[in-house]
Amino acid sequence: MASNARLDHRNPLVFDTHELGRRPGALQRLTRTIDAPKDLGIQGVIGVPEGAPVELELRLESVMEGVLVTGTARAAAEGECVRCLEPVELELEADFQELFSYPDADDRGRVTAEPGDDAEDDEDRFFLEDGLFDLEPLLRDAVVLALPMQPVCREDCPGLCSECGARLADDPDHHHDAVDIRWAALQGLAGTMKDGEKDEMSGADAEAGVDEKQEK
């Protein structure tokens, strides 16, 4: 990824490598706690709330082509269960590693690929800018990979009732009496027939009463 706008050293996710130097094999370890940037995670599913603390542990190693950054990010992520929609909280630990190349890496002996491939290679590479590197793109990618795409409150969460939406974990015996739609029409017809029989019986009783009166 080629460098864009100039980096701001005041940004908590921008790191300075001047102290490390450019001697291959030099090491530097850093720890830093930063406020989570906006939309750190899988949007609409689960992520680290904006402003929440994110603990960073970094290992910077100077190599011929640039600075190899290896690290771990730890934070608390929040979301909702995809089965029952209850809140979900989990401890996130995301590992990452990336080489931030010197802008003059090609001039220092990097082996280039076939002609015409340099532009594509640069799109996939991270570069140092005046000895600074921005960790945010790398952090975002690592967090997304470490988070579950379908978070659940527990592995055996039964979810919600498809009929009424009740949370099944609160009522394991929850159920609805199923009615076979193939018999529903016949049940209605049976009810109609019973009502008709009642009407016929009422009519027959009335006729019998009239006949008795006539005989008298």
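This is a predicted model: local features need pLDDT of at least 70, side-chain atom pairs count only at pLDDT 80 or more; totals for chains, interfaces and linings use all residues.
Residues are numbered from 1 along each chain as its sequence is written, and side-chain values rest on heavy atoms, with hydrogens and water left out.

The protein contains three helices and nine strands, where helices (H or I, at least four residues) and strands (E, at least two) are DSSP runs numbered from the N terminus. Along the sequence, these elements are arranged in the pattern β-β-β-β-β-β-β-α-β-β-α-α. Of the 216 residues in the protein, 28% are buried; a residue is termed buried under 20% relative accessible area, exposed over 50%, and partly exposed in between (1.4 Å probe, protein chains only). The accessible surface amounts to about 14600 Å², and carbon and sulfur atoms account for 49% of this area. Accessible areas were computed by the Shrake-Rupley method with a 1.4 Å probe, and for residues only the protein chains shown count as cover. Among contacts with a separation of 6 or more, 65% involve residues 24 or more positions apart, a contact being defined by heavy atoms within 4.5 Å.

Helix H2 spans residues 136-146, and Leu-138, Leu-139, Ala-142 and Val-143 are buried in this helix. Viewed down the axis of H2, the buried residues fall within an arc of 130 degrees, so they line one face of the helix. The arc is taken from the directions from the helix axis to the C-beta atoms. The elements that cover the buried residues of H2 include E3, E5, E6 and E7.

Salt bridges were assigned where a side-chain nitrogen of Lys or Arg lies within 4 Å of a carboxyl oxygen of Asp or Glu. In general terms, side chains of opposite charge can pair when their charged atoms come close. Nine salt bridges are counted by this rule. One of them joins the side chains of Arg-22 and Asp-104, with an N to O distance of 3.2 Å. Arg-22 is located in the loop between strand E1 (14-16) and E2, and Asp-104 in the loop between E7 and helix H1 (118-123), so this pair ties together parts that are 82 residues apart in sequence. Both partners are partly exposed: the relative accessible area is 41% for Arg-22 and 29% for Asp-104.

A salt bridge also links Arg-74 to Glu-57, with the closest N and O atoms 3.3 Å apart. Here Arg-74 belongs to strand E6 and Glu-57 to strand E5 (residues 53-62), so the pair ties together parts that are 17 residues apart in sequence. Arg-74 is partly exposed at a relative accessible area of 28%, and Glu-57 is likewise partly exposed, at 41%. The side chains of Arg-59 and Glu-61 form a salt bridge with an N to O distance of 3.2 Å; Arg-59 is partly exposed, with a relative accessible area of 27%.

Gln-28 is part of strand E2 and is buried, its relative accessible area being 12%.

Asp-39 is placed in the loop between strand E2 (27-35) and strand E3 (40-42) and is partly exposed, with a relative accessible area of 46%. Leu-85 occurs in the loop between strand E6 (66-80) and strand E7 (87-101), where the residue is partly exposed at a relative accessible area of 47%. Apart from neighbours within four places in sequence, Leu-85 is in contact with Glu-80 and Leu-160. The C-alpha atoms of Leu-85 and Leu-160 are 8.5 Å apart in space, while the two residues are 75 residues apart in sequence.
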